[in-house]
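Hi,

Here is the structure I said I would pass on.

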Amino acid sequence: MMEIRESILPGIGMKYQMDTASGDRIVIVIHDDGRRELYHFSREDDDQSHLIATLEDQEARQFAALVGGMVYKPKQLESVEMAFDDLTIEWYRIEAHFGCVGKTIGELHIRQNSGASVIALIDKKKGKLINPGPDAVLGADATVVAVGEREQQKRFKQILMNGSG
Amino acid sequence: MIFEIGLALGLIALGGLISAKLRFSVIPFYILIGMAVGPHATELWHFDFRFIDSAPFIDFMGRIGVLFLLFYLGLEFSVGRLVKSGKSIVVGGSIYIGINFTLGLLLGFLGGFPVAEALVIAGITTISSSAIVAKVLVDLKRTANPETEMILGITMFEDIFLAVYISILSGFVLSDSNSLGGVLLSALVSLGFMLAIIILGRKAVPLLNKWLRIRSNELFGLVIFGALFLIAGFSETIHVAEAIGALLVGLVLAETEHAKRIEHLIMPFRDFFGAVFFFSFGLSIDPMSLGGNAVWLALAAVVITFAGNFSAGMLAGRTANLSPKASANIGLTILSRGEFSIILANLGKDGGLMDILQPFSAIYVLILAILGPILTKQSPHVYAFMNRLFKFKDRRVPKEEAL
């Protein structure tokens, strides 16, 4: 998981620094007056940042929506996240080696053990299943959609991979 | 009278406009404009640039400006933030204060000043202008740099130092008594008053939260202003500088849930009355009287401030594991002086200290408020130059080891 360093700039606003997997260092500064600034550090000199863009509040929101894939979702994405307050909806693709393959939702005690709730099951063979019951089987290559808080989602993913709570 | 005030405000606005055109900090321009006019100036047609009738009133508006400046300083400040900012900032801030305060005191004593004057001089040369520093960082697009947290941390640290220092110093300078015991007593009274307000204020936060839930902006403003002026005025009656009273009100209100709303309310007043304060400070200085000792003292102070800030920046940067180049940016950015130096000089005036303090601080602030941002902008060149002189080594721990 990418690490995001957050720090307060007193009198200016907030600063978020992320080092991406591709080796880029990006800094987002959110000014108290609503402006956002995007900075990039050159790879040779990690002391000097370069301003990429300054965005007004409205522009920043649109930019975030674009980057966040709300307008156009990349097809390759395995797990897409949408956030409502604390609740998130996530898509999980069940790989053949996952421990849960072949088991039913009821057997795994998903809701009791993770707190998350499965709201859809998409299986290539059996098609879409909205709000599947406890007897629905999780097959390899299927996609499950679950709703829950971040912690619950994490536990849910554990259950899928290990095949038990 | 109104016409004279109008003329003064017009001049202040003009100074502001000129500084905006030249892209400099506004503070030196307000002071310069104030110095340009005054009793030594002439009357042109209907325009009386001597400001004889209105001087007391302008002075009073400036006094209110100090209250707002310190009230805002208190509001912005929070202990939680400092604790969260981490050890390296506390270390860096202590290094900075240690070096620069000692140098300031040395300058005062070597200049042959009595203790009170030396303490004021040390204060003037130690405290950076947080307003100029933050503005320069934003203007130069350096907010994302690795050294920025350290720079802002040090200025925050300086602000706390200033709060404590002003309260002790005002007890020292404003006390009526001449004996050491009397002076200590008044310094204790002012510290005790400060602690009492802070402790009471902390306890009263839930109550204040409830009381301040006032929907009408007009009433909300009146309540805040009333509290500010009442407490500041009351402090004055027990020989605690009114500025401290204002600072304390700010500190207490900073802990309430209404802090942001108060900030928004106060900001225009702070800017307006603050500008008048710098103008009135300039007005109180006769440019013809400048020269001689004040100039030499100010130049000496500029030199030691540069040396002190640069070396403190290099040391603080090293403790925070920053490269020499980033560390050089720290010292060169916190070089700017402004509002707080003037407030301290003003405190000296209120306490009836030697007259030289004012022209000294005016020249000193004028130089560093203009030179500071320029050096900040040119920091890569300054660093290259200093590097040739001193050959800084990059003593950062390599990243792999740090992990």
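On the side of H11(B) that points away from its buried face you'll find the exposed residues Glu218(B), Leu219(B), Leu222(B), Gly226(B), Leu230(B) and Thr237(B). Bear in mind that this is a predicted model.

The buried residues of H11(B) are Ile224(B), Leu228(B), Ala232(B) and Ser235(B). Looking down the helix axis, they sit within an arc of 55°, so they line one face of H11(B). What do they pack against? The partners are four other stretches of chain B: helix H3 (55-76), helix H9 (180-203), helix H12 (242-254) and helix H13 (259-283).

The length of H11(B) checks out too: its 21 residues (217-237) should span 30 Å at 1.5 Å a residue, and the end C-alpha atoms are 30 Å apart, which agrees. Just past the helix, His239(B) has a positive phi of about 65°.

Now the cores. The largest nonpolar core has 116 residues, and the members touching the most others are Tyr30(B), Leu67(B), Phe71(B), Ala243(B) and Leu247(B). A separate, second core has 15 residues, among them Ala116(A), Leu121(A), Leu138(A) and Leu160(A).

As for chain A, it has three helices and 10 strands, running β-β-β-β-β-α-β-β-α-β-β-β-α along the sequence. Of its 165 residues, 18% count as buried. Among chain A contacts between residues at least 6 apart in sequence, 45% link residues at least 24 apart.

Cheers

Conventions
Residues numbered from 1 in each chain as written. Chains lettered and ligands numbered in written order. Predicted model: local features only at pLDDT ≥ 70, side-chain atom pairs only at ≥ 80, totals over all residues. Core = buried A, V, L, I, M, F, W, Y, C linked by C-beta atoms within 7 Å. Buried ≥ 20, exposed ≤ 12 C-beta atoms within 10 Å, placed from the backbone. Helix = DSSP H or I, 4+ residues; strand = E, 2+ residues; numbered from the N terminus. Contact = placed C-beta atoms within 7 Å. Expected span 1.5 Å × (residues − 1). Arc of directions from axis to C-beta.
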